[in-house]
Amino acid sequence: MDKKDVARILNEIATLLELKDENPFKIRAYTNAARALEASDIDLTEKTTVEELTRIKGIGSHIAERIKILMDSGTLPLYEELKSTIPPGLVEMLKIPTLGPKKIKYLYDNLGITNVGELEYACIENRLVDLPHFGKKTQENILKGIEAIKKYKEQFLYASVIDGALEVWEKIKNFKYVIRSSIAGSLRRKKEIVKDIDIVASTDESLKVMDFFTSLKEAEEVIAKGDTKSSIRLSSGINVDIRTVTDEQFPYALHHFTGSKEHNIAMRTMAIKDNIKINEYGLFKDDKLIKCYSEEDIYNFFSMQYIPPELRENFGEIEAARNNTLPELIEEKDISGIFHIHTNFSDGNMSIKQCCEELIKMGFEYAGISEHSKTAQYAGGLKEEQIELYFEEIDRLNRQYENQSFKIFKGIESDILLDGSLDYPNEILEKFDFVIVAIHSSFNLSEEEMTKRIIKAIENPYTTMLAHPTGRLLLARDPYKVDIIKIINAAAENNVDLELNASPFRLDLDWRVCKYAKEKGVKIFINPDAHSIQNLYEYKFGVNIARKGWLEKEDVGNTLSLKEMEEYLKNKKMERLKKVSK
DNA sequence: GCCGTTTTCGGCCCGACTGTTTTCAGTCG
């Protein structure tokens, strides 16, 4: 430990004290002491005495004592105590311009926000606009600030990079020396989180492609430039890697760079049994190239079905493709309506009417509006006396839409309380067409308690579906501890549906367990959890993940037509209540 | 928490700017 280390710790203490809303002059004392120490010519060692330290102007007896303790033991109780009581995410939030300790503390105390990711999500859910001394502009500025600091993180949400990736690819695709090209890698596989953007291109003029690529105006920085491989960084902070091959090699390279690594390994292992070697340049038997013009040809050569990129995760797709049992994956056009929508009856920023008009424009047949329930006060959850008004508005609009074959289903997103019970008495729950249940509080239970709590909610006869089953916020908040397999089993036993929350921040149910849910016969609903018009379109991200999870049209609830959905919801309610009354 | 002193408490830099709010709080430099 030297002078620099001590100064750093003093500064950190100052920051942590700020977040505790301590006396500003005490805070300044620590900052001043740090600066004074660094500026002094003292040779700080274990032998340095408290008296020597207090001789420095700006370091008094208290801080001198603490520096002494630090030098002697390498640690300081005050410092450790502060670190343990203040979430590290709060310190990170200070990096956001326009956001200082006061506001951070307010957000932490009142909304329980502990890191940048949660904050971003709260902004997107419009939860800051009504706080005292916050507002629309403040919320926007915070979002802008978050964008700025996110640049330098190494992981990216699919949704935040796909547009930029497509723009760059578009330019490569249209460059006159490029013959064929494609996005590859995890982005092509539609992973929820990606590290970089991979592009594969075929050309006879690789150097020209490299020059073109590295001089794109999108290239904030050129990371590497070689003869067949280059890398640039976009202003969003993500790297784009390009790899060029001859056109003959293109399908093999595309397959190779699409991955996943695990899929490639499994493919190679399979090929070895036929004495075939696979690499990015081709399929080889006794060093002789087996000609393929496309990826389809490659799979065909092994007598396999074509495996869509989303499935290439070595999750059983190779065996299925050989047995001709790959699923016929759901597509965007299969979705007939959207559930889990918040409007300005709770924390959404659109009216029910605006929402429905957009959905009609999008070609959908129904909307399942589901405001927050009364416990979710932070989100303007519906108090019991507001429900009649909410129903009246829906009835009024439904009369208008009758001729347009569009219908609004009356729903609620009911908080699952700590003991697993729901937020309203049965006589209120019974009035809704559907009831979505969800955890929004007390995330820190043990796995056993949390699982029990959720299963109790699933067993409630009024429950239609479970929203965001693990509560994760990608790159921000880990899932709460829950035995997801037991949850799926309980959903299957109780005829309760599971949501695949399509918000690009959630994508929860995880695709890795979708296949299991499908096998248990649980219906999945792809829900955008929309709070705005723009959010309505995010169902598409959910479709991506559903595809990764092997789901077909028939596995997904909201592919039913309006007529079918009316029946479905009615029957489900009846059957579940009947079962209980027995 | 530091400093200074008319020696043990009272002051500690402050104005511009923004976004709220309708007179002010918070952030920045």
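**View 1. Asp-287 is exposed, with a relative accessible area of 69%.** Here, exposed means over 50% relative accessible area, buried means under 20%, and partly exposed lies in between (1.4 Å probe, protein chains only). This is a predicted model, in which local features need pLDDT of at least 70, side-chain atom pairs count only at pLDDT 80 or more, and totals for chains, interfaces and linings use all residues. Residues are numbered from 1 along each chain as its sequence is written, chains are lettered from A and ligands numbered from 1 in the order in which they are written, and side-chain values use heavy atoms, with hydrogens and water left out. Look for Asp-287 in the loop between β9 (282-285) and β10 (288-290). Helices (H or I, at least four residues) and strands (E, at least two) are DSSP runs, numbered from the N terminus. Asp-287 isn't a glycine, yet its phi is positive, at about 65 degrees. Most residues other than glycine have a negative phi, and most peptide bonds are trans.

**View 2. Asn-495 also has a positive phi, about 55 degrees, although it is not a glycine.** Asn-495 sits in the loop between α21 (484-494) and β16. With a relative accessible area of 33%, Asn-495 counts as partly exposed.

**View 3. Two cis peptide bonds show up in loops.** One runs from Gly-259 to Ser-260, with omega near 0 degrees. Ser-260 lies in the loop between α13 (250-258) and α14 (261-272). Another links Asp-508 and Leu-509, with omega at about 25 degrees. Leu-509 belongs to the loop between β16 (497-501) and α22 (511-519).

**View 4. Helix α1 (residues 3-19) meets α2, their axes coming within 8 Å and crossing at roughly 165 degrees.** That makes α1 roughly antiparallel to α2. Axes are lines fitted to C-alpha atoms, for helices over the stretch in contact, and angles run from 0 to 180 degrees between N-to-C directions. Angles under 35 degrees count as roughly parallel, over 145 as roughly antiparallel, 65 to 115 as roughly perpendicular and the rest as oblique. The crossing of α1 and α2 is left-handed (the near helix is turned anticlockwise from the far one by less than a right angle; clockwise would be right-handed). Sorted by type, the contact residues come to 11 nonpolar, two polar and four charged. Nonpolar covers Ala, Val, Leu, Ile, Met, Phe, Trp, Tyr, Cys and Pro, charged covers Asp, Glu, Lys and Arg, and polar covers the others, Gly among them.

**View 5. Helix α2 (residues 24-39) also packs against helix α4 (residues 61-73), with axes that come within 11 Å and cross at roughly 60 degrees.** So α2 is oblique to α4. This crossing is right-handed. From α2 come Ala-29, Tyr-30, Ala-33 and Leu-37, and from α4 come Ile-63, Arg-66 and Ile-67. Six of the residues in this contact are nonpolar, none polar and one charged.

**View 6. Asn-398 is buried, at a relative accessible area of 15%.** Helix α18 (residues 387-401) is where Asn-398 is found. Leaving aside neighbours within four places in sequence, Asn-398 touches Phe-406, Lys-407 and Ile-408.

Notes:
Contact = heavy atoms within 4.5 Å.
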